[in-house]
Amino acid sequence: MPAERRSIRGRSAVGRFPSVTLGFGEDTEEEKEEPKENNVKKRNACQEWLRKVCPCCCPKHDDVTDTEVTGNPYIHFLLKVKSIDLLKSKSGANRTDFEMWITLSRPFNPTSDELHLDLKTGPLAVVAKGTHVIIPLVAKLEGDRWEAAVVKQEDKKIKLLVNSPPTAVIGRYQLTVETNNQNGSASSTHDPANDIYILFNPWCQDDIVYMDSEDERQEYILNDTGRIYYGTKDQIGARTWNYGQFNDGILAVCLFVMEKSGTSPSGWGDPINVVRIISAMVNSPDDQGVLEGNWSGDYSNGTSPTVWSGSVEILKEYHKKNGTPVKYGQCWVFAGVVTTVLRCLGVPTRTVTNFSSAHDTDVSLTTDVYLDENLEPIEYLNVDSIWNFHVWNDCWMAREDLPPGNGGWQAVDATPQETSQGTYCCGPASLAAVRYGQVFLKHDTSFVFAEVNSDKIYWQKNADGTFSQIYSEKKIVGVSISTKAVGSDERSDITHLYKHPEGSDEERIAVETACSYGSKAKAYSSPTAEDVSLEVTLDGEGPKMGKDAELMITLKNSSSQQRSVSLHSQVSVMYYTGVHKATVRTDTTDIEVLPNEEKILEWTLEYKDYKDKLMDQAALMLTVSGRVKETQQILATQFSFRLRTPDLIIKPLGKAVVGEKMSVEISFTNPLPQVLKAVVFHVEGLGLLTARKINYGDIGSHATVSLTEQFIPTLSGTRKLLASLDCKQLTQVHGVSDITVEEKSNASL
């Protein structure tokens with residue numbers, strides 16, 4: 001069923017809770033004279049609400065029709081409900097108002113008959129907890145409360161206009177109508193087709209999730225596709241994701257996820273609480289949530305995380321298996337599903353990628369690297385890590401539980417990393433609080449701060465077993481924080497929302513403020529003077545899969561004297577989370593740098609050295625450390641890079657028309673000098689075709705292949721067709737094509 005909410009409260013203040021949403025069904029030619037209760041076709045509630053919602057959702061309704069029945073021969077008979085019509089057509093009145101027609105056994109007499117609506121949600125509906133709502137008839141609608149009024153009467157039919165308060169609990173409500181007069185009481189039979197869905201409403205100024213920009217509402221609520229970014233800060237990749245929050249059955253799945261949490265529906269009127277529930281329920285370690293995470297590289301018992309290209313298949317599988325976690329997910333999959341669920345429930349949400357994302361394990365708010373006396377990493381102590389990228393979500397809401405200024409975007413992370421109040425969830429953390437280092441504000445602000453703005457501190461072991469701070473890097477964590485731009489497929493850099501410019505006084509103050517609440521508050525002392533700098537860079541878009549990787553190491557001596565530097569380098573294959581998998585190669589070299597000289601060293605990693613050791617994201621890390629002989633200055637840096645994979649090329653063949661078969665050609669060139677074994681293609685597109693798996697077989701070294709797929713479009717407009725390729729030798733290969741689907745012409749009908 002479609003749904004729409006309506007509030008008649010004043011539009012001057014931003015409220016905390018949603019107003020009511022209704023279900024709408026298929027279009028009808030016109031309002032029926034005698035609506036039939038059972039002649040109701042179900043539709044996706046959230047879909048129709050979001051398609052029909054009106055920005056002007058809060059006008060007052062003061063002109064209520066008072067109906068007086070005179071000369072009614074049936075006035076003393078028991079009043080029974082014959083049918084209920086919720087006006088579900090796409091063009092019906094419930095696009096902007098919560099109205100319904102009720103057909104009774106005889107004409108309604110307001111002087112002797114009583115009538116009220118009864119709404120119940122949850123397993124144990126209680127009036128005091130807002131899960132059992134009794135809506136009385138009133139003479140005049142006032143707003144800010146549950147109420148209904150008769151606005152029209154036609155013989156045995158009455159038309160009601162219903163208002164709801166902005167404190168309503170979200171969820172699916174069972175509707176019945178109760179009547180009473182001197183001859184007794186009667187109640188309508190519950191019909192699931194007349195269930196009412198209440199969702200958060202970002203169009204309503206009194207809702208905590210209210211968003212005043214229509215362009216942003218279109219993007220963060222109504223857009224059912226998006227872009228998710230991955231890779232490294234120097235090589236940002238992007239893939240299209242089908243959120244599919246309007247797909248048939250997804251609203252029911254989202255509420256099923258809420259129910260599986262075991263939380264009381266009485267708390268579902270607060271989006272802060274709902275967001276924390278979804279953050280916990282999208283992962284599975286402690287609550288049998290939607291997705292099981294897997295970073296091992298072995299996905300033989302499920303689906304590789306890189307294969308997924310949308311949320312619908314995942315959510316429907318979870319629902320179909322009655323709450324058994326779907327295998328497998330990693331950060332971008334968790335985040336994609338969170339976007340789907342929260343948009344479906346009416347919370348403005350976007351998917352966000354943080355490059356060089358730190359994982360602080362000891363609440364120090366620093367990322368710590370421990371080295372032994374010889375400057376070799378002490379692996380068992382190095383539990384903090386910096387992920388090449390990490391994907392989470394921002395959701396929009398007011399935060400009246402925090403000091404003023406902390407409303408707006410809130411970070412939410414469903415990837416199970418650390419527990420929050422005993423549960424694997426994270427957020428909502430105010431981006432404003434993160435930016436200013438106010439890590440004492442809830443929820444999980446310290447963890448998010450460390451992800452985007454912690455300093456990387458190197459510690460060396462002393463002879464007595466203690467550690468001394470020898471070096472720190474202040475600008476490597478939290479780079480190019482990215483999300484899809486509003487209204488386009490371009491990347492929008494939102495780093496400035498998470499932190500002040502790197503190195504500015506404001507940024508340093510925020511870091512010191514945050515770390516004063518951490519477990520290593522004494523780590524900040526006067527900086528060590530240094531006259532030699534070390535930097536690793538790459539040219540252009542970086543190395544390609546199947547080719548040698550070439551980087552540049554730059555040493556700059558800003559002193560007036562020669563410097564001798566002993567450099568140690570180690571290149572490792574990494575999980576994208578920053579966890580070390582295997583060392584590929586180590587090198588040691590001595591370099592002489594003349595006064596005021598900038599020396600560039602070319603560093604090359606041959607394909608034969610890495611080809612059998614890569615993980616899903618083709619991620620590598622070069623660690624360079626050294627010591628300046630004359631000054632004992634320590635140099636250290638780590639540089640993450642990935643090997644770029646080719647795109648799938650998708651070419652539509654012929655015209656795309658609703659209801660008519662069409663074809664697309666998908667082509668791919670193997671970039672590797674080896675055969676790709678057991679290649680599998682996955683194709684899907686909202687309004688084009690459901691997820692389809694194609695077992696292709698082997699693809700030869702450097703071979704170009706193509707395949708043709710046929711399907712019948714079901715929705716008009718510009719649709720996105722997504723495809724991905726997966727095999728043991730090569731992952732993260734995908735493509736997207738915009739296909740403009742025309743409506744079927746009348747001549748062909």
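In which helix is C331 found? C331 is found in helix α6, which spans residues 331-344; helices (H or I, at least four residues) and strands (E, at least two) are DSSP runs numbered from the N terminus. The structure is a predicted model, in which local features need pLDDT of at least 70, side-chain atom pairs count only at pLDDT 80 or more, and totals for chains, interfaces and linings use all residues. Residues are numbered from 1 along each chain as its sequence is written, and side-chain values use heavy atoms, with hydrogens and water left out.

The confidence of the prediction is considered next. pLDDT is the predictor's confidence in each residue, on a scale from 0 to 100. The mean pLDDT of the protein is 84, and 85% of its residues reach 70 or more. Over residues 1-71, however, the pLDDT is below 50, although this stretch has 273 contacts in the model beyond near neighbours in sequence; contact means heavy atoms within 4.5 Å. Where pLDDT is low, the predicted coordinates should not be read in detail.

The UniProt record, an unreviewed entry, places the feature "active site" at C331, H390 and D413. UniProt positions are given in the numbering used here, feature names are shortened, and annotations may be inferred rather than shown by experiment. These residues are spread over 83 residues of sequence, yet they cluster in space, with a largest C-alpha distance of 9.7 Å. C331 is buried, with a relative accessible area of 0%, where buried means under 20% relative accessible area, exposed over 50%, and partly exposed in between (1.4 Å probe, protein chains only). H390 is likewise buried, at 0% relative accessibility, and belongs to strand β18 (residues 385-397). Leaving aside neighbours within four places in sequence, the contacts of H390 include C331, D413 and E451. The side chains of H390 and D413 are joined by a polar contact of 2.7 Å. A polar contact is a pair of N or O atoms within 3.5 Å; within protein, one must be able to donate a hydrogen and the other to accept it, and residues adjacent in sequence count only if both atoms are side-chain atoms.

Helix α4 (residues 271-281) is mostly covered, with 10 of its 11 residues buried. Among the elements that cover these buried residues are α6 and β18.

Aromatic pairs number 15. Rings of Phe, Tyr and Trp (its six-membered ring) pair if their centres lie within 6.5 Å; planes under 30 degrees apart count as stacked, over 60 as edge-to-face and the rest as tilted. Y220 and W409 form an edge-to-face pair, at 5.0 Å centre to centre and 90° between the planes. Because Y220 lies in helix α2 (residues 214-222) and W409 in strand β19 (residues 408-412), the pair ties together parts that are 189 residues apart in sequence. Both Y220 and W409 are buried. A tilted pair is formed by F440 and Y517, at 5.3 Å centre to centre and 50° between the planes. F440 is partly exposed, with a relative accessible area of 48%.

The count of disulfides, defined as pairs of cysteine sulfur atoms within 2.5 Å, comes to 0. The sulfur of C426 is 7.4 Å from the closest cysteine sulfur, in C425, which is too far for a bond.
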